[in-house]
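Colleague: Could you walk me through one part of this model up close? I would like to hear about the packing inside it and the charged pairs around that.

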Amino acid sequence: MNLTHDILAQADALCARKGVRLTPTRRRVLEMIAQSQGGAKAYDLLDSLTAENASARPPTIYRAIDFLMSHGLIHRIESLNAYVSCICPEHHQAYQLLICRQCGEVIELHEESLDTQLNEAARLQGFCVEKKTIEVHGLCQNCQTGQPAAETAQA
């Protein structure tokens with residue numbers, strides 16, 4: 001099975017558990033995000049969706065994105081104004097993103113101890129955390145070695 005298939009199956013199961021609808025448009029937007037390397041921008045998603053369905057408009061994409069984000073199925077990369085699929089929706093509140101500046105790969109981490117430390121530091125300052133976005137930019141292992149991801153996967 002491939003990652004996109006797994007993400008869609010996970011989304012189907014999550015929506016069934018929550019009793020919400022993963023409409024064909026929401027599912028297609030999630031699929032396009034899951035297939036994008038380094039995140040997908042809303043207007044790129046709109047262009048792709050419009051090519052498939054001429055009646056698609058910006059509100060169509062933004063409603064789908066809002067739904068997917070509210071259910072932890074995607075993350076917004078704030079620094080790139082783009083979206084990536086979430087590999088672990090049950091942890092959608094405590095995650096960190098490693099973003100390769102060269103190839104655009106996005107790696108999702110779930111370092112709960114880091115999340116706990118940040119919450120505690122905020123609490124000690126009398127600060128109530130409402131939203132956290134931790135993005136770390138650098139070079140992935142493949143780009144550090146100068147080896148394309150496809151070559152590494154075959155090695």
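Which residues touch the most other members of the largest nonpolar core?

Modeller: Happy to. First, the ground rules: this is a predicted model, in which local features need pLDDT of at least 70 and side-chain atom pairs count only at pLDDT 80 or more, while totals for chains, interfaces and linings use all residues. Residues are numbered from 1 along each chain as its sequence is written, and side-chain values use heavy atoms, leaving out hydrogens and water.

Now to your core. Val-29, Leu-30, Leu-45, Ile-61, Ile-65 and Leu-68 touch the most other members among its 25 residues. A nonpolar core here is a set of buried Ala, Val, Leu, Ile, Met, Phe, Trp, Tyr and Cys residues joined through side-chain atoms within 4.5 Å; buried means under 20% relative accessible area, exposed over 50%, and partly exposed in between, with a 1.4 Å probe and protein chains only. Helix 1 (3-18), helix 2 (24-35), helix 3 and helix 4 each give two or more residues to this core. Helices are DSSP runs of H or I, at least four residues long, numbered from the N terminus.

Take Leu-68: leaving aside residues up to four places away in sequence, Leu-68 touches Leu-22, Arg-26, Val-29, Leu-30, Leu-73 and Ile-74 (contact means heavy atoms within 4.5 Å).

Helix 3 (residues 42-52) and helix 4 (residues 58-70) pack with their axes 9 Å apart, at an angle of about 120 degrees. Those axes are lines fitted to C-alpha atoms over the stretch in contact, and angles run from 0 to 180 degrees between N-to-C directions. Where they meet, Ala-42, Tyr-43, Leu-45, Leu-46 and Leu-49 of helix 3 face Pro-58, Thr-60, Ile-61, Tyr-62 and Ile-65 of helix 4.

As for charged pairs, Arg-28 forms a salt bridge with Glu-31, with the closest N and O atoms 2.9 Å apart; the term means a side-chain nitrogen of Lys or Arg within 4 Å of a carboxyl oxygen of Asp or Glu. These two residues sit 3 residues apart in helix 2, so about one helical turn separates them. Arg-28 is partly exposed at 22% relative accessibility. Arg-28 also meets Glu-52 in a salt bridge, at 2.6 Å from N to O. That pair links distant parts of the chain, since Arg-28 lies in helix 2 and Glu-52 in helix 3, 24 residues apart. Glu-52 is partly exposed too, with a relative accessible area of 48%.
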